[in-house]
Each structure stands twice: as C-alpha cells, then as structure tokens.
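Hello,

Here is the structure I said I would pass on. Please open it first; my notes on what was found in it follow below.

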Amino acid sequence: MESKKPGFVKITGFLSALKVKLLLIGETQVTKVLIVYATDYGSTKRMAEAIASGAHSVPNVVVELKTAEEVTADDMTSSDAVLVGSPVHMGSPDWRVKKFIDTVCGKLWVKDSLIGKVGAVFATGGGFGNAGGGCELTILSLLNNFAELGMIIIPLPKNTPGYALGGLQWAPYGRAHAEDGTPTGLPEERLEAAFHHGANVARVAAALKGQNLFAKPN
Ligand SMILES: Cc1cc2nc3c(=O)[nH]c(=O)nc-3n(C[C@H](O)[C@H](O)[C@H](O)COP(=O)(O)O)c2cc1C
C-alpha cells in the first residue's frame, strides 16, 4: 500500500503536467487594449470607438473603453496597451484626462507599474483657423505623460490609410469644426486613420506581450 502510493502520485503528477502542457498549447494568448477618453459632445467618443474597432480587428485582442472618470488603476495594470484621447480644451488636454493622469497614472508611476506597456494617444478639436489651436500641444502633452510612465509610444506613420484627413505624425487628430468654427462633427473619412491606429497599437502590444524588454535595477 505504502509502496504503491508514490507510484500513483508520480503518474498523477505526470498526467497533470501533461494536462497543463496541453492546456498551454491550446490556450491562446489574449492581448488587452484599454481606451480611455473624455468627451462633452461625442466627437472624442466616436474616435475612441473607431480606434476600438481597429484594435478589435486584430485576432485575440480584447478591447475595453472607459471614460477618464471611471478608469481605475486595475484597468491600467491589467492592460497590455493603453490609448488616451482628449478633446482640445484651451489648447491643452481636457481637465478630466489630466486628472486621470495625475491621480490614477501618478500612483502607478511611483510603482513603475506601466513601464514597457504600449501607449498611444488621440485627440479631437475645433480646428478654428487654419490648424486649430493646440491640437499638437494636446497630443504631445499626453505623449510626454506616457514617456514619463516608461511606456512604448506608438506614432502614426504618414502612409496610414486616412492620414491626409485624420492624421498627424503623433496620432490621429479629428477636426470636428470647420475653419470658421461651424460644428461639422467627425465625418467617417476623418476616422479611418483612427481605426488603423487602434489596429497598429493592438498588433504591437500582441507582439511585445510578455517580452519584458527594459532593463531593471538589480
Ligand atoms: C471649453 C472648450 C475649449 C475648447 N478649446 C479648443 C481649443 O483651444 N482648440 C481647438 O481646436 N478646439 C477647442 N475646443 C473644441 C473642442 O476641442 C472640439 O469641439 C472637440 O471635438 C470636442 O470634443 P467632444 O465632442 O468629444 O467633446 C474647445 C471646446 C470647449 C468646450
């Protein structure tokens, strides 16, 4: 009885190891993309949804959309990639987005929790005048926050489909007003680059998942 027990344990151990191995082979690695945004009139939300569809078009990617006011630290740490979008307000990011950066992200900065995650941004603006006031400053300010958090930043290459109408080298930018300030909303063609930005970010995050590339202190 005593002598059989170890043998039984051995076989069980072998079988369960095999089972775990088979489970791992059958298991597909899922990449999580989190999209955080603020909106008053719906344009930034529309762009967030276009980005979400792009990310969702990549196999084995799950996408979560949250407003800057509802996103939590757990949402951030459980994600492989985070995209943050803001309307341009007085030439800079919306205060709700800034509050999220200073509170949720600030605490994670202290713990180095976001280092090596993939980060990207997007913005919508009024575009009053030729270029609109502060779209690049808004985007750069958010990218600067991501650099501070040690994230791997994804730009928007100029050959991205839809770039001419909805792109800047930093990120998709959606002009929701005509040059004279007349509200136009965001037409579909201005969302095409956003769709591809979402897909690019998801593909990079899937490729880098679990890679742990950055040096760490001993
Ligand atoms: C308080 C406020 C300030 C704004 N300031 C700017 C600005 O400085 N530059 C700009 O291009 N658009 C500005 N806009 C326009 C918004 O950026 C634009 O309408 C944006 O698409 C709104 O996004 P939403 O529909 O998601 O709220 C401002 C809008 C508001 C409400």
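**Notes on the model**

Opposite Val-88 stands Pro-93, a residue of β4. This is a predicted model, in which local features need pLDDT of at least 70 and side-chain atom pairs count only at pLDDT 80 or more, while totals for chains, interfaces and linings use all residues. Residues are numbered from 1 along each chain as its sequence is written.

*The chain as a whole*

The protein chain has seven helices and seven strands. Along the sequence they follow the pattern α-β-α-β-α-β-β-α-β-α-β-α-β-α. Of the 218 residues in the protein chain, 42% count as buried. A residue is buried if 20 or more other C-beta atoms lie within 10 Å of its own, exposed if 12 or fewer, and partly exposed in between, with C-beta atoms placed from the backbone. Two residues are in contact if their C-beta atoms, placed from the backbone in the same way, lie within 7 Å. Among contacts between residues at least 6 apart in sequence, 80% join residues at least 24 apart.

How many of the nine residues of strand β3 are buried? Eight are, so β3 (residues 81-89) is largely enclosed by the rest of the structure. Two strands pair if DSSP finds at least two bridges between them. β3 runs parallel to strand β1 (residues 31-37), with five bridges joining the two. It is also parallel to strand β5 (residues 118-125), here with seven bridges. With strand β4 (residues 92-93), β3 runs antiparallel, and two bridges join them. The hairpin of β3 and β4 has two residues between the strands, and in it Met-90 takes a positive phi near 50°.

*Helix α2*

Helix α2 (residues 43-56) has 14 residues, which at 1.5 Å a residue should span 20 Å; its end C-alpha atoms are 20 Å apart, so the two values agree. The expected span is 1.5 Å times one less than the number of residues. Is α2 mostly covered or mostly open? It is mostly covered, with eleven of its 14 residues buried. Among those buried are Ser-43, Lys-45, Arg-46 and Ile-51. The cover over the buried residues of α2 includes β1, β2 (61-67), β3, β5, β7 (173-175) and α7 (192-208).

*The nonpolar core*

In soluble globular proteins, nonpolar side chains tend to be buried together. A nonpolar core here is a set of buried Ala, Val, Leu, Ile, Met, Phe, Trp, Tyr and Cys residues joined through C-beta atoms within 7 Å. The largest such core has 56 residues, and those touching the most other members are Val-33, Ile-35, Ile-51, Leu-83, Val-121 and Val-201. At least two residues each come from β1, α2, β2, β3, α4 (95-110), β5, α5 and α7. The largest share, eight residues, is supplied by α7. Leaving out residues up to four places away in sequence, Val-201 touches Val-33, Ala-55, Ala-81, Leu-83, Val-118, Ala-120 and Ile-154.

*Around the ligand*

Of the 23 residues around the ligand, which come nearest? They are Tyr-41, Thr-44, Pro-87, Gly-125 and Gly-126. α2, β3 and β5 each supply at least two residues of this shell. The shell divides into seven nonpolar, 14 polar and two charged residues. For this count, Ala, Val, Leu, Ile, Met, Phe, Trp, Tyr, Cys and Pro are nonpolar, Asp, Glu, Lys and Arg are charged, and the others, Gly among them, are polar.

*Single residues to check*

Most residues other than glycine have a negative phi. Asp-112, in the loop between α4 and β5, has a positive phi near 60°. It is partly exposed, with 13 other C-beta atoms within 10 Å. Asn-212 lies in the segment after α7 and has a positive phi of about 50°. With 9 other C-beta atoms within 10 Å, Asn-212 is exposed. Leu-140 is found in helix α5 (residues 135-148). It has 15 C-beta neighbours inside 10 Å and therefore counts as partly exposed.

Regards

Definitions and conventions:
Helices (H or I, at least four residues) and strands (E, at least two) are DSSP runs, numbered from the N terminus. A residue is near a molecule or strand if its C-beta atom, placed from the backbone, lies within 6 Å of it.
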